[in-house]
Amino acid sequence: MLQHDDREPYEFILITPQSYCVAVSAAQRGYEDARVTLYLVHQTYSALKKESAECLCSDCKTLLDTKLNQPSAFAICIPMFLASKSGFFDTLASGLCDRCSQRSDLFECVAELMHEALPKVTLVDSNMTKQ
Ligand SMILES: [Zn+2]
């Protein structure tokens with residue numbers, strides 16, 4: 001299943017209600033990373049509809065669902081050079097509770113999870129440079 005070069009950088013994208021709108025318009029303009037990001041957000045949300053899931057951060061036990069405890073944001077990690085991809089690649093997608101979506105060490109939490117899943121991958125915080 002794994003086709004990626006395991007040293008290839010991944011980017012961390014935080015999807016908030018604001019950046020969701022930016023991603024939708026980028027996807028409409030044909031940006032593949034925005035399209036994949038939205039796909040993962042929708043997939044994560046659909047999964048929460050069926051079954052509640054814990055917030056991403058390993059030290060947070062908040063259960064998220066699509067009714068009373070909706071996620072405030074989504075954390076998405078996808079390969080940085082998506083345009084060069086064909087076939088399967090690993091991704092990370094999770095909902096975040098209100099508190100965790102604002103935590104200052106969020107990138108470190110995500111990087112830690114990525115490191116557990118894909119030990120050699122470098123994670124880049126694209127939220128600093130992109131809208
Ligand atoms: Zn949380």
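**Figure 1. How much of the chain is buried in this predicted model.** Buried residues account for 28% of the 131 residues in the protein chain, and keep in mind throughout that this is a predicted model. The radius of gyration comes out at 14 Å, and since a compact globule with 131 residues would sit near 14 Å, the two agree. Along the principal axes, the C-alpha trace spans about 40 × 35 × 30 Å. If you take the contacts between residues at least 6 apart in sequence, 69% of them join residues at least 24 apart.

**Figure 2. The run of helices and strands.** The protein chain has 4 helices and 6 strands. Walk along the sequence and you get the pattern β-α-α-β-β-β-β-α-α-β. Helix 1 (17–28) has 12 residues and reaches 17 Å from first C-alpha to last, close to the 16 Å expected at 1.5 Å a residue. After helix 1 comes Gly30, with a positive phi near 100 degrees.

Figure 3. Four strands make up an open sheet with mixed pairing, in the order 5-4-1-6. Strand 5 and strand 6 (123–125) are the edge strands with a single partner each, so one side of each has no neighbour in the sheet. On average, and ignoring direction, neighbouring strands here are turned by 25 degrees against each other. As a reminder, strands of a sheet pair through backbone hydrogen bonds, either parallel or antiparallel. In this sheet, strand 1 (residues 10–15) and strand 4 run antiparallel and are joined by 6 bridges. Strand 4 (residues 73–79) is also antiparallel to strand 5, with 5 bridges between them. The parallel pair is strand 1 with strand 6, over 3 bridges.

**Figure 4. Zooming in on the bridge partners.** Ile76 is a handy landmark: its bridge partner in strand 5 is Ala93, and Ile76 is itself the partner in strand 4 of Ile13. Next along, Leu14 stands opposite Ala75 in strand 4. Phe12 faces strand 6 instead, standing opposite Asp125 there. Strand 1 is mostly covered, with 5 of its 6 residues buried. Strand 5 (residues 92–96) is mostly covered too, with 4 of its 5 residues buried.

**Figure 5. Leu14 up close.** Setting aside neighbours within four places in sequence, Leu14 is in contact with Ser19, Ala73, Ala75 and Asn127. Leu64 is another story: Leu14 and Leu64 are 50 residues apart in sequence and 17 Å apart in space, C-alpha to C-alpha.

Figure 6. Helix 4 (residues 106–117) lies across strand 1, strand 4, strand 5 and strand 6. Relative to strand 6, helix 4 runs at about 160 degrees.

**Figure 7. The two faces of helix 2.** Helix 2 has 19 residues and reaches 27 Å from its first C-alpha to its last, close to the 27 Å expected at 1.5 Å a residue. Which residues of helix 2 are buried? They are Asp33, Ala34, Val36, Thr37, Leu40, Val41, Thr44 and Leu48. Looking down the axis of helix 2, the buried residues fall within an arc of 165 degrees, so they line one face of the helix. Turned away from the buried side of helix 2 are the exposed residues His42, Gln43, Ser46, Lys49 and Lys50. Covering the buried residues of helix 2 are, among others, strand 1, helix 1, strand 2 (53–54), strand 3 (63–64), strand 4 and strand 5.

How values were computed
Residues numbered from 1 in each chain as written. Predicted model: local features only at pLDDT ≥ 70, side-chain atom pairs only at ≥ 80, totals over all residues. Buried ≥ 20, exposed ≤ 12 C-beta atoms within 10 Å, placed from the backbone. Pairing = 2+ DSSP bridges. Axes fitted to C-alpha atoms, helices over the stretch in contact; angles between N-to-C directions. Contact = placed C-beta atoms within 7 Å. Rg over C-alpha atoms; globule rule 2.2 N^0.38 Å. Expected span 1.5 Å × (residues − 1). Arc of directions from axis to C-beta.
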